[in-house]
Amino acid sequence: MIETIVNPFRVLRNRLSLREQMALFTATLCLAAVMLAATWSASVARQVAIESGQHELVQLAETLAERLDQHMFERYREIGNIAGLQVLRPLWTSRPEEARSVLQDLQQTVPDYAWIGLATPDGVVKVATGGLLEGVSVAERPWFIEGLKGITVQDVHDAKLLDSYLRKSPEEEPFRFVDVAVPVLAPDGTLAGVVGAHLSWRWAQDVQASILTRAGVADTTDLRVLSRDGRVLIGSGDPSERTVALIEAVRTQSPVVIENPGDPIITALATTAGQGSYPGLGWVVAAQRPRAVVEAPANALGLKIMIAGIGISIAAGLLAWFLAGTVTKPLAKLSRNVDLVGREPTVTIIGRQN
């Protein structure tokens, strides 16, 4: 078996001149060295590309998490400030028209508020922006129940009472809200009711789209927001089982990167942690990108290295061919003179070689 493999090389070697043999050896050695270096470089480049892609995904996830916390903190603080203002206490009980004007001014300043209203202690809406739901009971709504106890924030939910008022057409996407509610007091210090604000969840979708657009990765990256129990609040599809399993783990070590050699998708998870007095709702941001996209720069670099290596090998072979001729010329002359000794009667010694 070995002879079968080796014999062709022996035949080729015997048929080549010394010059050709040296050129072939040099070119082969260069090609092997370059290919080895190219393979190692491509491997290193792939790992660097994966780490760079992971870092970028982590940055995207953390940026969105921070923006969500910052926005919610500002809204949480605004509603809390309104409830705490002493000058507004008479409005809640005796001057409802002025109270509505204050709420509408806030809504115009921050259009993310889809609805702001005051419900009396029995749960009936007394005043609200646009007059919506005035006279309607919200006594069973979680924001009102928790708002009677103190300032509260409620997670994303579908609009129950306001959807028919706010949607312009059945084809329009249903409204979803995040609620902030806080109890307010009358001038005598008794409970006047609960001020509740419904934040349209579309603001968060706009923030997500803005981050992807600015980073220039909207076509290659999926940026999702998951609730604390794994529901998809922003983004399409359902999270993988592994992603859901890591939601609790990421709360103690954020961010977390999910990157397995066999997975076609690389995922980075980051949690919202609240900000200032806003306690946070435990949202988890998942930034995902196909492995093929992450590794594409490394593959392109590896191809360039291989092409350059082949070119260098060819150049090295030509250079070796030229140098072999220069180096082996006196050796070939000496070999011919030695061969004449004993063959030609007149040649008994080797002459001086110049």
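Biologist: So a cavity is a set of points, on a 1 Å grid over the protein atoms alone, where a 1.4 Å probe fits but cannot get out. What volume has the largest cavity?

Modeller: About 100 Å³. Volume here is the space filled by probe spheres set on the points, which are joined across faces, edges and corners. This is a predicted model, where local features need pLDDT of at least 70, side-chain atom pairs count only at pLDDT 80 or more, and totals for chains, interfaces and linings use all residues. Residues are numbered from 1 along each chain as its sequence is written, and side-chain values use heavy atoms, without hydrogens and water.

Biologist: How many cavities of 30 Å³ or more does the search find?

Modeller: Two, in the whole structure.

Biologist: Leu133, then. Where is its place?

Modeller: In the loop between strand S2 (125-128) and helix H5 (142-147). Helices (H or I, at least four residues) and strands (E, at least two) are DSSP runs, numbered from the N terminus. Phi of Leu133 is near 70°, a positive value in a residue other than glycine. Most residues other than glycine have a negative phi.

Biologist: Why does Leu133 count as buried?

Modeller: Because its relative accessibility is 7%. Buried means under 20% relative accessible area, exposed over 50%, partly exposed in between (1.4 Å probe, protein chains only).

Biologist: New topic. What order do the strands of the open sheet have?

Modeller: S2-S1-S5-S4-S3, five strands with antiparallel pairing. Strands pair if DSSP finds at least two bridges between them. The edge strands are S2 and S3 (152-158), each pairing on one side only. S1 and S2 pair over three bridges, and Leu118 stands opposite Val127 in S2.

Biologist: What is Ala114 in contact with?

Modeller: Ala114 is in S1 (residues 113-119). Leaving aside neighbours within four places in sequence, its contacts include Gln107, Phe177 and His198. Contact means heavy atoms within 4.5 Å. Ala114 and Leu199 are 85 residues apart in sequence, yet 5.6 Å apart in space, C-alpha to C-alpha.

Key
On a 1 Å grid over the protein atoms alone, a cavity is a set of points where a 1.4 Å probe fits but cannot get out, and a pocket is an open set with protein on both sides within 12 Å along at least five of seven lines; lining residues have an atom within 4 Å of a point.
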